[in-house]
Amino acid sequence: MLADFQQALADLTGSPELCSHARRDPTVLTQKYRLTEREWSRLVGIISHRGMECACIVYRANRLAPLALNIPETCKALGPELRAVVSEFWATFPETNVHFFIETDRFCRFLQAKIAEGRTFGADVGVVLARESAAVAAALQESYTERS
Amino acid sequence: MAQSRPAVGLLYNPATPDLVQHAPNLVEYIAAMPDRLWFDFGPQAPGRRFHRTLGAIEELQRVSRGRLLSGHGIGMSLPSAIPLDEEFVRAVATMSADLGGFHWYSEHLSVFITPKGSVPNAQAGLGLPVVYDDEEFEIVSNKLKHVKEMLRCPLLLENGSFFTPVPDMDMSEPAFLNRLHAEGHCETLLDLHNLYVCWRNGGPPPPDYIEELDSGAVMEIHLGGGDDFAGFYMDSHSSLTPPEVWRWAFDYAPRFKKLRAITFEFQETYYERLGAEALVSELERMHELAASCKVESEAAYAG
């Protein structure tokens, strides 16, 4: 069915791991989604196309944009760890929220929870995150007060 | 004096007011994105869903005064296999009325919202390609009927830029757009740079695409530029219009007898790098292009 086809395509675009898995074993697509034979065959064709790699890159770049814009110092302080943390975040929240402050606030809470669980990051991350997450929370609160 | 050519303009972004100051007479048309002029807290939001960014709207009102104005959005995601977001369309209609009325409204022929998203307004992260068949035609055309009733202005759909073509489709994208036009659902916004992006990444040659398209359906053209990254060409709106796109524009735009606007898109974060001077030159060339087009009287820009 079309809804499942579109969802599968979105999920594949958001997950290079799912793409690789489906390339190795295309039956995973029919296990996860209700697809007609033709829809399945189209998806297999799409993930085999070289452009799928680019679609995955653009997906990640678009998801990184609100974080780079609103908490640049935290991204910088995370350094090489940023890649792993955002990948985990995107796996936990596969869909973007179009409200940039909600999306960033969600990431800040995710990162704060990781720190509370005892995960260690670079020395500056906690301090910078506290400052930038407070600014994001304030901006989010302010966005609620704009008139319609 | 009435003119017989399309208007020249810009897709509005926060850098537009500054650029317009550099060349007020070269910008006749503004395309504004409602999605960028409000905070959308999603259909499940407690209280009001849409909260406008008031400063940005006031600035848009100032810049668009005396200019042709249209709306250009991504939030309806018309090809998604989900019901039409009527609350969203109502918000667009209200914004249109508050801005003095959009002359037309355009959306993208791409899937932006995923059918089974787990958060309000779940988006796919980028525009996903559409399967062109009868089922999709029914979805898009039925939604367009409702949108047209609610917005009461002409509707346009824009061709997307895709990295992965969908195999084994029942009809091509131009055939899909032609059918929508022939059945009175919408006109076409032909993004020539999107065609270039698709072509650079292995898609069909743009002239083949344009030849297949009903020239009477094209009401607006988009120009813009991107950049190379990791072996692919990106639709980043980070550069000036590539020479090939200009060539196609001059070759084909004069055929579009209902062409109302020629629009340049750039991303505001690249504004300083591009420079106002180069963008003014781009607008001047767009005026040369507009002058080469002789359009039907109802499409002509009145000056």
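Q: How many bridges join strand β6 of chain B to β9(B), and which way do they run?
A: There are 4 bridges between β6(B) (residues 105–108) and β9(B), and the two strands run parallel. Strands pair here if DSSP finds at least two bridges between them. Strands are DSSP E runs of at least two residues and helices are H or I runs of at least four, all numbered from the N terminus.

Q: Before we go on, what sort of model is this?
A: It's a predicted model, where local features need pLDDT of at least 70 and side-chain atom pairs count only at pLDDT 80 or more, while totals for chains, interfaces and linings use all residues. Residues are numbered from 1 along each chain as its sequence is written, and chains are lettered from A and ligands numbered from 1 in the order in which they are written.

Q: And what pLDDT does chain B average?
A: Chain B averages 93, and 96% of its residues score at least 70. pLDDT is the predictor's confidence in each residue, from 0 to 100. For the model as a whole, ipTM is 0.92 and pTM is 0.92.

Q: Which residues of β9(B) are on which side?
A: Leu155(B) and Leu157(B) sit on one side, Leu156(B) and Glu158(B) on the other, and all of them are buried, so both faces of β9(B) are covered. Buried means 20 or more other C-beta atoms within 10 Å of the residue's own, exposed means 12 or fewer, and partly exposed is in between, with C-beta atoms placed from the backbone.

Q: And which way do the β6(B) residues point?
A: Tyr105(B) and Glu107(B) point one way, Ser106(B) and His108(B) the other, and all are buried. In a regular strand the side chains alternate between the two faces of the sheet.

Q: New topic: which residues touch the most other members of the largest nonpolar core?
A: Leu192(B), Ile221(B) and Ala249(B), out of 110 residues in that core. A nonpolar core is a set of buried Ala, Val, Leu, Ile, Met, Phe, Trp, Tyr and Cys residues joined through C-beta atoms within 7 Å.

Q: What is Ala249(B) in contact with?
A: Leaving out neighbours within four places in sequence, Ala249(B) is in contact with Leu192(B), Ile221(B), Leu223(B) and Leu289(B). Contact means C-beta atoms, placed from the backbone, within 7 Å. There's also a second, separate core of 13 residues, including Leu67(A) and Val85(A).

Q: How many residues of chain B are in contact with chain A?
A: 37 from chain B, against 35 from chain A. On the chain B side, β3 (38–40), β4 (50–52) and β8 (123–128) each supply at least two residues, and β8(B) gives the most, with 5.

Q: How do those chain B residues divide by type?
A: 19 nonpolar, 12 polar and 6 charged. Ala, Val, Leu, Ile, Met, Phe, Trp, Tyr, Cys and Pro count as nonpolar, Asp, Glu, Lys and Arg as charged, and the others, Gly among them, as polar.

Q: And chain A: how many helices and strands?
A: 9 helices and 0 strands. 37% of the 148 residues of chain A count as buried, and the C-alpha trace spans about 50 × 40 × 25 Å along its principal axes.

Q: Which domains does the assignment give chain A?
A: Domain 1 (2–49) and domain 2 (64–145), with bounds from an automatic or database domain assignment. The C-alpha centres of the two domains of chain A lie 30 Å apart.

Q: Last one: what's phi for Ser77(B)?
A: Near 40 degrees, which is positive in a residue other than glycine. Ser77(B) is in the loop between β5 (68–73) and α3 (86–98) of chain B, and counts as buried because 26 other C-beta atoms lie within 10 Å. His237(B) also has a positive phi, about 55 degrees, although it is not a glycine; His237(B) is in strand β12 (residues 232–239) of chain B.

Definitions and conventions. Contact = placed C-beta atoms within 7 Å.
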